[in-house]
Every structure is written in C-alpha cells, then in structure tokens.
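Please read this briefing with the sequence and the coordinates open side by side.

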Amino acid sequence: MTPDIEKLTKTASQVRRDIVRMVHACQSGHPGGSLGCADYLVALYFHTLKHNTKFNMDGHGEDLFFLSNGHISPVFYSVLARSGYFEASELATFRKINTRLQGHPTTHENLPGIRIASGSLGQGMSVAIGAAVAKKLNKDSRLVFSLHGDGELQEGQIWEAAMYASHNKVDNLISTIDVNGQQIDGPTDKILSLGNLRTKWEAFGWEVLDMNGNDMADVVRVLDLAISKTCKGKPIMILMQTMMGNGVDFMMHTHKWHGTAPNDEQLATALGQLEETLGDY
Amino acid sequence: MFCPMKKYTYTEKKDTRSGFGAGLLEAGKKNDQVVALCADLIGSLKMDAFIKEFPERFFQIGIAEANMMGIAAGLTIGGKIPFTGTFANFSTGRVYDQIRQSIAYSDKNVKICASHAGLTLGEDGATHQILEDIGMMKMLPGMVVINPCDYNQTKAATMAIADYHGPVYLRFGRPTVPVFTDPDQKFEIGKAWMVNEGTDISIFATGHMVWKAIEAGELLAEAGINVEIINIHTIKPLDEEAVLKSVAKTGCVVTAEEHNRIGGLGDSIAQLLARNNPVPQEYVAVNDSFGESGTPDQLMKKYGLDTEDIIKAVNRVIKRK
C-alpha cells in the first residue's frame, strides 16, 4: 500500500467511526449506505477534488460534488468536517433540534460544503448537469461530480438527465452509482431489477467505468482514470460496487441497516472493528 | 348618483405570453447571466427572439420538465439566472417536488415562467388547464408568485424578476387580451396597482380578470356603485397594506381570478382579512372543478369568470355589508 492509499484508508476508518457514532447518538439515520460509500467520499475529498474549504456557493475554479442520495448524509457530513469545512465537534448535533446537520443535506441552514438539498431521490443528476453547463458557460475548466444510489435509478428523472447529458455532450461531469444491490424493502433484484447497468448507461451514451468502491486503491485509480476521460464528448459514469454496511461485520450482507441505528452494545461492537485514527469528535 | 370611473382604453389586444417573450429578450440584453430553458415549447412560450439573440444561453431540454427544473437549479450554482419556460401545468403540478426541494428549499434563483395558465388555454381542455397552480406555488416558503394582467405588465414583470434574487413563479396566458397598462411602467414586486379609486366595494383582481373588473366597474358606475379596483399582480408577497387600506374604506370585497376558488388570490385576501378586518367577501373563481374544451370566451362564461359574474358578486356582497 502506498503512503497515500494508507493515509486515505486511515481517514476512511475514522469517517466510519463518525458515521456509527452520529447515527447512534440520535438513534436515527442511515448507516448502511454511508459506510459503503465512505471510501469513495474520502478519496474524492482528500485526493481528487480541487476545492476550497472556505466555502463559496458558486465554486468558481473549484471541482463541485453533489450528493443525490441525500440519506447517506452521515458520511457526507463526516467527510466535510474532517476535510475542514466545519468543526468535527458539530457532528454531535446530527439530526438534533436546531442543527445545521439536518437528516438530509440542505443549503437552508448554511452548512458549508452543501450546494443543494437532497433527500427526495432522483434530482441530483439534473442539478449536477446544470452546474456543469454553468462551468462551461463560465469557461471554468474544473469538473462536477455526483453520487447516486442504485435504488435511486428507479426514479424516472435520472433517465431524463442521462439522455440530456449525452445529447448535449456534458463531458465535464463524472457521476457515480453506488451499486450495493440493496434498498429499503430488500434487494434491488427483488424490488425492481435494474438490469445490466453497464449496457443501460452505454446505450444512453455515457462512458462507463467499473470501480470496487471498498478498495481504496481501486477507488483512487478509477477516479483518476475518470478524470482522464473527461472533455472527450461524453459524460462519465462510474459503476461503483460496494457492500452496504462495509467495515462493520454485522451490518454487511443485508439491507436491514439501511435506516436503522445501532444500540449501545452494537455501537461498542462496531467501534471495536474501526480504528480511531484522527481522534473521535 | 353617477360615479365616474377612471377611463381605460386600448388600441390593441396581445397575449401576455408575448409580453414574457419581449421581457426575456430585454432581460437577456441587460444581464448576460440571464439564461433560458424550454421543454419543447419554444413557439408557445415566445422564446424565439431570445434564442436568436443569445443561442449559447438557451437550453432545449426536450419533454423532460423535472430535468429542466433540476438543471435550472444547477445553473444558479455558477451565478446564472435561469428562466424556465413551459405550460403552467407542466411548470408546477408535474414538477412540484423538484421545485420544492431543488429550487425553493435550496434557495435557488430560478424564474419559473408559465404560459397557458387557467381556462383561457381553451380547446386543449382540462389536462392542460391548470387551476391550482397559484395555490401550489404560494404555499412554498420563499416563493414569489406573480400573475400580470396584460402584455405590457408581463413584459415589465419579466424584466423585474431578473433583478430580484430568489425563486419566482411568473404566470401568464395564451389568449389575446386588451393592452391597457403603461408600456414604460416600472414593475414593483409586491406592490399592488390602484386601477380605480372608489368607496363602495373593493375588487381585488389578478391576471386576465383585471380587464374584466374594469368592464364591470364601468357598468357598476352607471348603476351608481363606486367601485375600487386594485390589480394584485403579486399574489405573494401580498401587498397587505394596500388591501387593508382599501377595505377599511369600502367594507366589502370581491376577489377575481382565473383559478380554483380554493387556494388562490381569494383565499390569500380572506386570510389577511380574517386576521385583521373581517368583512363580507365574494369570490369570482372556478368553483372547485376541472375545466373542459371550448373557446376561452365560452369557458370564462360557463365557469363564472365573466364581467357579469363580477357585477353579480358585487351586488351580492354590498347587500351583506
């Protein structure tokens, strides 16, 4: 493991601790998808994005990220805090009254790092396209990233956006789908099968890449590869295979931890599996 | 007793949507951050002139209104001022959640511009004649709701909302209607326009109903009733001061709108008066039903939105004083 990958992996371990502690403290929230996407978001914010933690909504000259599956807010908040947008101590307020860390991300409370509200699914790709088009109009060569759940692909607006992005050559956009195969009511294959995602996205005119989303080296490699594919006339789609609940053994291999908080005992077990690397908040 | 009514005349009839098209072009010339989006209805929305002048600032979205609202929200991140254009039905009901989360709750500077509102869309029928849009949009926190009365006012409103920072719903229509307001007017968001001062009754009208209120006022004046007419072009934020001042003088109210009786201008006025100065009120509005096919004039008559309906409402409410 290179020093960079080792450092990112250690950061992801702390982010996973943050996630389970946040969800435990308010006894609500979505640990499963948050844990699964921890490696991707850490790699994005600590390796990939050119960004300024002195937050400015318009983000001129910066790479932008949009979280479309807003329910994995714990991982988003932890990564924003750990990368310096706000104090990590504020993570303790997650989902509590008067907090800036609402259950789902919002611009409404002026939390630095958030550029759009999300929670109602399927909307974030359209927003990311708009921001990417604005960058082109502004002659801003930085990129726009977005993350979506696989269950979220059941929303029709995603496919409206997919068509628009390829037709209009929105090639400064790198979208990622968290393919964990799970949604609230069970496996996606049982609820509403997504079919062959690679074939679907290729048919919609996107450049499609595969990623092992829980292997930090592969996450970094594919993000770098995706950037090399931008500005070539096609939007980029990363199909990111993850394990919901990754990092905590009893939260993996099931959809049951999509939106359930651990009790005191479960928290202790989970924290026993996750190294404290940057200091708990 | 003969009570003179301020004289309003017109030399031509034009559609308010053309006022939007003209205003959009002007707004685009004035501010290069103004961009426009359309969901396959360029001609209906009169966006051709803007597109010809600023092709690189126009985005054809296709028949995908939800995506259009999201892209508009995204364009604001980078400083653009997006104007979306489609029919009122597809601008509101079809995309309510997108507007709610990505625009209103996210505090995005998007101008939602909606043509073919109300019954006067005509022959296409109820699928396209939205009568609930004002209600839906005014319920969104922070949303400004504007329904201008003629070509000139729609043009002025379009230019004004480009200078205002925040989400706006601008509602206009398809039929040609009298052009009677000042072509050089300065449009003030949230500032009601006194059309005619009177003492017996306050008529608060919006959109196409303002001209009908003027027609009614002239006939009522001949019958000795001194009508105050106020154009509420901005339904939210409501000009509460103007409404309360008028009602303090007249003591009764008729509201007139091309919208469902539930949730529109009438309800905004009633809520204000209930809290401050309860007086008799009559509604000229669609009586909680869908529309149907027909010519605009036939529909306005059948659904109780004609000049004579305003006169009847005035006579009813004056008796209740």
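Predicted model: local features only at pLDDT ≥ 70, side-chain atom pairs only at ≥ 80, totals over all residues.

Residues are numbered from 1 along each chain as its sequence is written, and chains are lettered from A and ligands numbered from 1 in the order in which they are written. The model scores ipTM 0.97 and pTM 0.97.

**Overall form of chain B**

- Chain B has 13 helices and 14 strands, where helices (H or I, at least four residues) and strands (E, at least two) are DSSP runs numbered from the N terminus.
- The radius of gyration of chain B, taken over C-alpha atoms, is 19 Å, close to the 20 Å that the globule rule (2.2 Å times the number of residues to the power 0.38) gives for 321 residues, so chain B is as compact as a globular protein of that length.
- Along the principal axes, the C-alpha atoms of chain B fill a box of roughly 60 × 40 × 35 Å.
- Of the 321 residues of chain B, 61% count as buried; a residue is buried if 20 or more other C-beta atoms, placed from the backbone, lie within 10 Å of its own, exposed if 12 or fewer, and partly exposed in between.

**Strand β7 of chain B and its partners**

- From strand β7 (residues 168–171) of chain B, B:Val168 and B:Leu170 point one way and B:Tyr169 and B:Arg171 the other way, and all are buried.
- Strand β5 (residues 111–115) of chain B pairs with β7(B) in the parallel sense over 4 bridges, pairing being called when DSSP finds at least two bridges between two strands, and B:Lys111 stands opposite B:Val168.
- Strand β6 (residues 144–146) of chain B also pairs with β7(B) in the parallel sense, over 3 bridges, and here B:Ile146 stands opposite B:Leu170.

**Helix α9 of chain B**

- Helix α9 (residues 209–222) of chain B has 14 residues and reaches 20 Å from its first C-alpha to its last, close to the 20 Å expected at 1.5 Å a residue, the expected span being 1.5 Å times one less than the number of residues.
- The buried residues of α9(B) include B:Trp211, B:Ile214 and B:Leu220, and the helix is followed by B:Gly224, whose phi is positive, near 90°.

**Contact between the chains**

- The contact takes 28 residues from chain A and 21 residues from chain B, with two residues in contact if their C-beta atoms, placed from the backbone, lie within 7 Å.
- On the side of chain A that touches chain B, α5(A) gives the most, with 10 residues.

**Backbone details**

- Most residues other than glycine have a negative phi, and most peptide bonds are trans.
- The peptide bond from B:Lys236 to B:Pro237 is cis, with omega near 0°, and B:Pro237 is found in the loop between β12 (234–236) and α10 (240–250) of chain B.
- A:Cys231 has a positive phi near 60° and is exposed, with 12 other C-beta atoms within 10 Å.
- B:Asp40 has a positive phi of about 65° although it is not a glycine, and B:Asp40 counts as partly exposed, with 15 C-beta neighbours inside 10 Å.
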